[in-house]
Amino acid sequence: MKIGILGSGLMGAKLGVLWAACGHDVCFSYSRSTAKLARLAGDCGGTSGTVAEAVSGADVLLLAVHWSRIDDALQQAGDLAGKVVLNCCVPLNDSNTELVVGTTSSGAEELAKARPKARWVSCFNTIPSESFRPVFDRKGQTPAPQVFTYGDDAEAKEIAGTLIRDIGFEPLETGGLRNGRFVEPFAMATVELAYVQPGGPALTYRFEKLRG
């Protein structure tokens, strides 16, 4: 697939590099440093460019910017009509300590309102980026760790599922975009588990139903 990365910080950079390792054509964009984008692209055989260039021709986009930069990133991206967009953003304040959207709406729903013609799927937003490489290195081992995946477009979720499995995770169906009201606060629990409690930040999770 041709994947455009909108936001090349910890999340976007790590996922983009791993997808490139899987053979996908990755274009990195949206960084304060064009040199960083060029380095990322050179290290994994991808390309780099403007947001518009990353969007153009992409089969799938990853939106991975801080919530404070959402409006700017979307403005550069255009209307995104028909594009499958994987959203790994959590609607956090500038200090990353509080949700600024929640209970009566969600970041996922607000993005869908802002770009209603895009095909939104939220995923990877409740998983610390430090887990990506270890999971990728163990890909194929079972059971695989899970990633909450939610959206209203079934076909887009299937595409997201393929890319999630490429990294070594398993998508965990978590309903429609509206369920982001409950999924996104879970990210704050994973922050506590990964970054506050001892043991390191490479946290994964897996939910199992017990059947007698």
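## The largest pocket

In this predicted model, 33 residues line the largest pocket. If you want to find its centre, look for Met-11, Ala-64, Val-65, His-66 and Asn-96, the lining residues that lie nearest to it. The pocket's volume comes to about 920 Å³.

H8 gives the largest share, with five residues. Sorted by class, the lining holds 17 nonpolar residues, 12 polar ones and four charged ones.

## The second largest pocket

Next up is the second largest pocket, with about 150 Å³ of space. It is lined by 14 residues, and Pro-134, Val-135, Arg-138, Gln-141 and Pro-145 are the closest to its centre. Here the classes split into six nonpolar, six polar and two charged residues.

## What about disulfides?

A disulfide is a covalent bond between the sulfur atoms of two cysteines. How many disulfides does a search of the whole structure find? The count is zero.

Take Cys-27 as an example. Its closest cysteine sulfur belongs to Cys-44 and sits 10 Å away, so the two are too far apart for a bond; the cut-off for a disulfide is within 2.5 Å.

Is Cys-27 buried or exposed? Its relative accessibility is 12%, so Cys-27 counts as buried, the limit being under 20%.

Methods. Residues are numbered from 1 along each chain as its sequence is written. This is a predicted model: local features need pLDDT of at least 70, side-chain atom pairs count only at pLDDT 80 or more; totals for chains, interfaces and linings use all residues. Side-chain values use heavy atoms; hydrogens and water are left out. On a 1 Å grid over the protein atoms alone, a cavity is a set of points where a 1.4 Å probe fits but cannot get out, and a pocket is an open set with protein on both sides within 12 Å along at least five of seven lines; lining residues have an atom within 4 Å of a point. Grid points are joined across faces, edges and corners, and a volume is the space filled by probe spheres set on the points. Helices (H or I, at least four residues) and strands (E, at least two) are DSSP runs, numbered from the N terminus. Ala, Val, Leu, Ile, Met, Phe, Trp, Tyr, Cys and Pro count as nonpolar, Asp, Glu, Lys and Arg as charged, and the others, Gly among them, as polar. Buried means under 20% relative accessible area, exposed over 50%, partly exposed in between (1.4 Å probe, protein chains only).
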